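Have the coordinates open while you read.

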Amino acid sequence: MIPALANTAEDARALLAGVDVPESIADNMALFLRLVRKVLDEFDPSLRETFDTLLADAIRANEDESGETDDERAAFADLERVIAGLDEDSATMLMRAFVSYFHLANICEENYRVASLRARESRVDAGEDADPINDITVAFHQLVDECGRGKALALLQRLEFRPVFTAHPTEARRKAVEGKIRRIAGLLEERSRLGGAALAENERRMLQEIDALLRTSPIAHKKPTPVEEADTIVDIFDNTLFDMVPDVYRRFDDWELGEAAGTVPPICPAFFHPGSWIGSDRDGNPNVTAKVSRQVAEKFRVHVLERLAEATYVTGRNVTLDTVSTPPSDELLSLWSHQVEMSEKLTARALGISASELHRAALLVISERLRATIERTADVMYASADDYVADLCVVQRSLAKAGAVRTAYGPVQRLIWQAQTFGFHLVEMEFRQHSVVHRRALEDIREHGRWGERGELQPMTREVLDTFRAIAQIQRRNGVDAARRYIISFTKSAEDVACVYELAHLAFAHECDVPTLDVIPLFEQVEDLEGAVATLDAMIRLPEVQRRLSQTGRRLEVMLGYSDSSKDAGPTAATLVLHRAQAEIAAWAEDNGIDLVLMHGRGGAVGRGGGPANRAVLSQPKGSVNCCFKLTEQGEVIFARYGDPTLARRHVESVAGATLLQSAPSIEWVNTETTEKYADLAAALDEASREKYLDLLHTDGFAEWFSTVTPLTEVGLMPIGSRPAKRGLGAKSLDDLRTIPWIFSWSQARVNLAAWYGLGTACERFGDLGRLREAYAEWPLFTTFIDNIEMSLSKTDERIARLYLALDDRDDLTGKVLDEMELTRRWVLDIVGDEWPLQHRRVLGPVIRMRLPFVNVLSVTQALALRRMRSEGEDLTPEERERLTYLILCTVSGVSAGLQNTG
């Protein structure tokens, strides 16, 4: 045990001496370490001493990246010995301390990224053609250079970024914890500007929050309901999206229009259109019912209307331009007359505030009409968001005509952008159900009648029909865009699409009540991806689809699933199959005059298509993006990408810029040429990696072994999402296990198998390192794929993996996994030219290496607790089992926070 240290900044730095990160991160980590140690010392001095010992051992065990030394082996053994000697209560509090410190370390990283971004922006020369920090302006100017300004502007007007927030259970952090994290982040951000008593007060408040964080269980007391899960979106909307998104639009205009910005009509369209599966994705989640969908939609409707009403009121209060300086136009006078006729009470109240300021009065009435829309007061409510925007445009045009252009294209334009982005629905809810459920419902109805006149319908059939009635009700209240998409999981044929349309009609007695539906096939298994074009060819011949295509300008959405294809064939084969499917679907769409929108069902983990979204966009086949990028955002990725306004703005600009740039002829040419050039390489890697991966999965007893050597069972106990780990269609094997817990469990075991397994063997069999390096340098898809795998490998740890894999006595399976891990690591490092993972990534490498010692403490504790759970199982008392399970769940939460893209 190391000597007890005084709790000073120097002592904290001494403990972190082996962590190589940028200086500002190191300073803030030392600050938080000092504060955590102080709080822990106040709680129990002996725990603080053990905390110091564990941290010192963990850092010492990770000092040399190029290879394991004798000193590192000794330190790891010490770490394991100290943890093994802890009782459950002490271990649990220590793990809570490490989990708390991990959240603080993540704050340090975010603070560094924000500060770095601001520093880069401060050095930008305003005279440059494009803002190098804003990827949208960079992309726009490259399009101007390659296509001309007219074509570039036309492509800009087509731009759409559609993130779809989902409720997949990979965000292991409690909402109560998130609030404390936000407050501590705010205190850290303001700290650099303080001194004297203000600085002391800042530290006192930090200690208060950190003490509360340590004493707050990282595990929620119950699973959230789908209605409670919707608070994730409301939270992000309030803290980030509502104000950040119009800032993104404005930043583009500021750069492109220069001094004219805010005095002329904007050129940046409202391209950000968020969607949601929360409260509407019922595939395998019996907790999502038609009633729940109605409740969630109403929550979204009321909340966005409240925010729009408040923003309109504040804007109106500030538009104090009188009729002398800013005379109202005839159009505004007509609007005012209409408002008077609608409600003398509202207009009289507005005139009482703004007797000679008609623009102000009109905006105040508009605000009151929004509040009436919340209450659904028929006489004065808005029928749609379009009507609200139309009134704002009347005010805007009147102000501009009177010369008040800065007000017209400043605050009023901001309201218009917000309304165009969020509507009266906040997010566009997308409904999803398994194709088998639809087939069973139709069989039930054909046997018993749609009203059950020949016998009672099954509860699931009634629920399916009620879902379409809920969609219709949501469309009536929130607008058609609020709930027009219906996704079919495991789409096998065009018949699956026809089933949905038939069920929608069967749900209503009157045809006029049937909702508008865009039925979206989801291709997720390899055989379905390979047969997607044939399915789509038959689909567009369906009368209902043809009718809808004629209404949408032949726009058609198709969804691709990254998760199940990866679990089916392995990460390498899945990546190549998905790329091939996209190219084939894009070519089919062009041949059939289809305006294609591909939706990417990606997760945070590499095994689910994770990684930087902007690089993924730029590697897509020609014709598969068309200025519109749509993907799922889920789990810890939502908070990481949208939790901080500055980082959220950077993420949106980055993805939007890549989406725009993907249409540049140079990008299309590179993707097309390199895909053709390396087709032989792709075919070889696909075949060999798939064979290796399936050999592992088909090894006798693999499913049971997997559930023993990973915390799969324990992950299923975490109250981190309303959705079960298995689909409710008779899940009895690995085939029926959801991909998310499959990947989540492997990441917890520090193996990350789902991200890389099979690649090493495929490269070994291919054998030509020179050609692999050439492909890495030239082919965007392969570059992105290898970089993501290198990142995933950087979070693995063979020593810890051995602890997990030893939980069952299958040396054959353990050998397969560890041998392939070593082989894949060697080939990936040879391809990229690194001695260890992320060696040449200037920021990402050090930041991930910074995390590992802290994650390792949690991982070793989890592995040892699982060892006891597996070995002593039946002998444990209920109380012992409960305490041990809680300890494991605490470590799961911490490892998730540390590794971040885990599910």
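1. Start with F43, which sits in helix α2 (residues 23–43). Helices here are DSSP runs of H or I with at least four residues, strands are runs of E with at least two, and both are numbered from the N terminus. F43 counts as partly exposed because its relative accessibility is 32%; the cut-offs are under 20% relative accessible area for buried, over 50% for exposed and in between for partly exposed, with a 1.4 Å probe and protein chains only. Beyond its neighbours within four places in sequence, F43 is in contact (heavy atoms within 4.5 Å) with M93 and R215. F43 and M93 are 50 residues apart in sequence, and their C-alpha atoms are 9.8 Å apart.

2. Some housekeeping before going further. This is a predicted model, where local features need pLDDT of at least 70 and side-chain atom pairs count only at pLDDT 80 or more, while totals for chains, interfaces and linings use all residues. Residues are numbered from 1 along each chain as its sequence is written, and side-chain values use heavy atoms, with hydrogens and water left out.

3. Now the barrel. It is closed, has 8 strands and runs β1-β2-β3-β4-β5-β6-β7-β8 with parallel pairing; two strands pair if DSSP finds at least two bridges between them. Which strands flank β8 (residues 628–633)? On one side, strand β1 (residues 160–165) pairs with β8 in the parallel sense over 6 bridges, and E160 has C628 as its bridge partner in β8. Strand β7 (residues 595–601) also runs parallel to β8, joined by 2 bridges. In β8, M599 is partnered by K630 and H600 by L631.

4. Is β8 mostly covered or mostly open? Mostly covered: 6 of its 6 residues are buried. In a regular strand, side chains alternate between the two faces of the sheet. Here both faces are covered, with C628, K630 and T632 buried on one side and F629, L631 and E633 buried on the other.

5. On to the packing. The largest nonpolar core has 147 residues, and the members touching the most others are L241, F271, Y388, F468 and L660. A nonpolar core is a set of buried Ala, Val, Leu, Ile, Met, Phe, Trp, Tyr and Cys residues joined through side-chain atoms within 4.5 Å. Helix α11 (residues 231–257) gives the most to this core, at 11 residues. Leaving out residues up to four places away in sequence, L241 touches F165, I236, P246, F272, F422 and Y642. There is also a second, separate core of 119 residues, which includes L104, I184, V709 and A755.

6. How do α31 (residues 679–697) and α40 (residues 811–832) cross? Their axes come within 11 Å, at roughly 155 degrees. That makes the two helices roughly antiparallel, a label used for angles over 145 degrees. K692, D695 and L696 of α31 meet L813, K816, V817 and E820 of α40.

7. Helix α36 (residues 759–766) has L759, G760, T761, A762 and C763 as its buried residues. These pack against α26 (571–591), α31, α35 (753–756), α37 (769–778), α38 (780–794) and α40. Just after α36, G767 takes a positive phi of about 80 degrees, worth a glance on your side.

8. L852, in helix α41 (residues 844–872), is buried at a relative accessible area of 8%. Not counting residues up to four places away in sequence, L852 touches N62, R750, S794 and K795. L852 and K795 are 57 residues apart in sequence but 7.4 Å apart in space, C-alpha to C-alpha. E88, in helix α5 (residues 88–122), is buried too, with a relative accessible area of 14%.

Methods
Axes are lines fitted to C-alpha atoms, for helices over the stretch in contact, and angles run from 0 to 180 degrees between N-to-C directions. Angles under 35 degrees count as roughly parallel, over 145 as roughly antiparallel, 65 to 115 as roughly perpendicular and the rest as oblique.
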